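User: I am new to this structure and would like to learn how to read its features. Please take me through them in turn.

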Amino acid sequence: MPNENTDPVFQLIKSLTRTEKRHFRLFANRQGSADGLKFLQLFDALDGQERYDEERVLAQVPAIKKVQVANLKANLYRQLLASLRMYHAGHNTDIQLREQLDYARVLYNRGLYIQSLRMLEKVKQAAQQAEMQHITLMALDFEKLIEGQYITRSLRGRARELSDEATTTVAHVAREHALSNLALRMYGRYLKIGHTRNQQDYDKITDYFRQDLPLLDPRQATFFEQLYYYQAHVWYYTITQNFRLCFRYAQKWVDLFEANPLMREQQAMLYIKGLHNLLVTAYNMLYYSKFEEVLTLLEAYAADPERRTSPNIDMLLFLYIYTNRINGYFMRGQFTEGLKIVPELLENLDHFRLQLDSHRRLVFYYKIASLYFGSGQPDKAIEYLNKVIYFKEASLREDIQCFARILNLIAHYEAGRDESLDYQIRSVYRFLGKMNDQQQMQEAIFKFLRSLGDVAPSQLKESFLKLKNKLIVIAENPYERRPFLYLDIISWLESKIENVPVQDIIRRKFPKLK
């Protein structure tokens with residue numbers, strides 16, 4: 001039986017707001033009596049379900065026969081999209097511009113060439129103001145078609161002007177695509193492996209990045225050329241763990257929007273994503289004052305009743321705000337306090353289950369596990385770590401998979417599950433062997449945990465101290481710092497040495513953050 005995760009019509013209906021549903025019913029009724037519209041009856045039946053159940057729909061709406069369901073669903077899907085397009089057109093410049101392009105085509109088909117050209121000129125002006133070069137190019141192509149086939153006498157020398165406009169626009173579009181392609185590939189690389197693991201990784205990604213990075217003159221570049229240029233650098237410096245330069249380009253990303261209020265309104269998703277990347281980089285740098293400043297800005301934006309809203313933007317605001325609130329708890333050492341937001345976090349994860357991808361869900365599970373571990377509840381930490389470890393797509397975020405297993409080992413030790421510790425160590429060794437991801441920190445922890453059975457209770461403190469000193473030396477290697485971004489093992493060791501909760505150790509360090 002299809003479920004909500006596979007049936008597109010049901011997914012779309014469940015994503016609608018109350019006002020969107022009301023608009024759809026009005027939109028559907030324009031075709032005639034609602035009683036005669038079977039697709040509207042199907043809509044009402046599906047809207048009342050929590051889980052997709054076709055048999056229940058057929059029982060609820062006898063007028064619909066089983067053989068009709070596929071065609072009715074296809075029609076309903078088209079009608080829903082048409083209704084949503086109409087409802088949101090006023091808030092989407094690209095939808096409005098494409099509609100005007102359609103009007104220009106209608107005028108052209110009726111032989112009203114001058115009117116069509118006037119419409120296209122308006123489209124170009126609006127598209128250039130909105131930095132939508134691809135739509136400008138579509139309008140230019142249509143203008144050339146009209147001017148090239150018909151004597152419109154619209155303007156002397158128009159052929160040369162159109163040619164120059166098209167050449168300039170094509171150059172901008174080409175650079176935008178080259179830069180957006182590079183940014184996307186950098187992001188894909190980060191999702192695959194996370195941060196660079198060694199010099200070979202660094203050299204490979206650096207050569208790849210520099211080879212595909214187009215030259216860019218900021219004085220001549222469009223808004224999106226600059227944006228994609230900054231995005232590509234943010235992902236490159238994130239992967240290579242150069243957080244100082246990553247911070248610089250993330251700030252340029254945000255500043256670009258702050259200097260362009262219209263784009264901040266029209267491209268809200270990209271604006272809040274820039275804020276999120278600035279927050280993550282500030283967190284990686286332990287730059288708390290900047291982190292707090294940007295998080296306050298993001299939360300104020302989310303609370304603004306005048307801001308642009310959509311299910312996508314609402315989902316991203318949830319994702320970014322909760323991710324960074326948890327990061328704030330980590331920095332302040334407030335693990336127990338952070339657990340208070342877990343119930344509403346899980347509720348939102350369920351609410352946005354259709355929009356959230358697996359990668360983001362995994363990151364939340366890892367962060368929740370870290371909160372439980374830091375608050376002294378290793379058994380609950382293991383529960384959430386297992387959600388990451390047993391996720392079927394092991395190739396997604398290999399770094400999260402690896403460090404979830406490392407933290408799982410330590411949580412088993414903290415929970416006193418010594419009987420399964422040897423098995424866990426062997427299992428993690430096999431996993432990391434397949435991933436080719438064993439680093440010095442991991443080796444040191446494995447060796448330490450293996451030897452714990454032979455250590456007398458009176459010598460435990462000394463053993464923890466030796467491991468701490470060894471890891472401090474390891475952390476000085478820039479390619480060995482990656483594990484410490486995911487797991488504050490040094491603070492945990494200090495908590496064992498001093499016999500105090502780990503969150504007390506981190507709270508003690510917090511005032512020293514800039």
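Analyst: We begin with two terms: contact means heavy atoms within 4.5 Å, and helices (H or I, at least four residues) and strands (E, at least two) are DSSP runs, numbered from the N terminus. This is a predicted model, in which local features need pLDDT of at least 70, side-chain atom pairs count only at pLDDT 80 or more, and totals for chains, interfaces and linings use all residues. Residues are numbered from 1 along each chain as its sequence is written, and side-chain values use heavy atoms, with hydrogens and water left out.

User: Which residues of helix 1 and helix 5 meet?

Analyst: From helix 1 come Pro8, Val9, Leu12 and Ile13; from helix 5 come Lys73, Leu76, Tyr77, Leu80, Leu81 and Leu84. By class, this contact has 9 nonpolar residues, no polar and 1 charged. Here Ala, Val, Leu, Ile, Met, Phe, Trp, Tyr, Cys and Pro count as nonpolar, Asp, Glu, Lys and Arg as charged, and the others, Gly among them, as polar. As a general idea, an α-helix has 3.6 residues a turn, so residues three or four places apart point the same way.

User: How many helices and strands does the protein have?

Analyst: The protein has 27 helices and 0 strands. Its C-alpha atoms fill a box of roughly 95 × 65 × 40 Å along the principal axes. Among contacts between residues at least 6 apart in sequence, 65% join residues at least 24 apart.

User: How should I read the word "buried"?

Analyst: Buried means under 20% relative accessible area, exposed over 50%, and partly exposed in between (1.4 Å probe, protein chains only). Buried residues make up 50% of the 514 residues in the protein. Ala268, in helix 14 (residues 268-284), is counted as buried because its relative accessible area is 2%. Ala268 touches Met263, Tyr301 and Ile313, leaving aside residues up to four places away in sequence. In helix 26 (residues 489-498), 8 of the 10 residues are buried, among them Trp492 and Leu493.

User: What defines a salt bridge, and how many are there?

Analyst: A salt bridge is a side-chain nitrogen of Lys or Arg within 4 Å of a carboxyl oxygen of Asp or Glu. The count comes to 28 salt bridges. Asp7 forms one with Lys73, with the closest N and O atoms 2.6 Å apart. That pair links distant parts of the chain, Asp7 in the segment before helix 1 and Lys73 in helix 5, 66 residues apart. Both Asp7 and Lys73 are buried.

User: Where do Glu494 and Lys509 lie, and is each buried or partly exposed?

Analyst: Their side chains meet in a salt bridge (3.1 Å, N to O). Glu494 is in helix 26 and Lys509 in helix 27 (residues 502-509), 15 residues apart. Glu494 is buried because its relative accessible area is 13%, whereas Lys509 counts as partly exposed because its relative accessibility is 30%. Lys21, Arg25, Asp44 and Asp47 are linked in a network of salt bridges.

User: What does a positive phi tell me?

Analyst: Most residues other than glycine have a negative phi, and most peptide bonds are trans. Glu131 has a positive phi, near 60°, and lies in the loop between helix 7 (113-129) and helix 8 (133-149). Gln241 has a positive phi of about 65° and is found in the loop between helix 11 (223-239) and helix 12 (243-258). Gln241 counts as buried because its relative accessibility is 13%.
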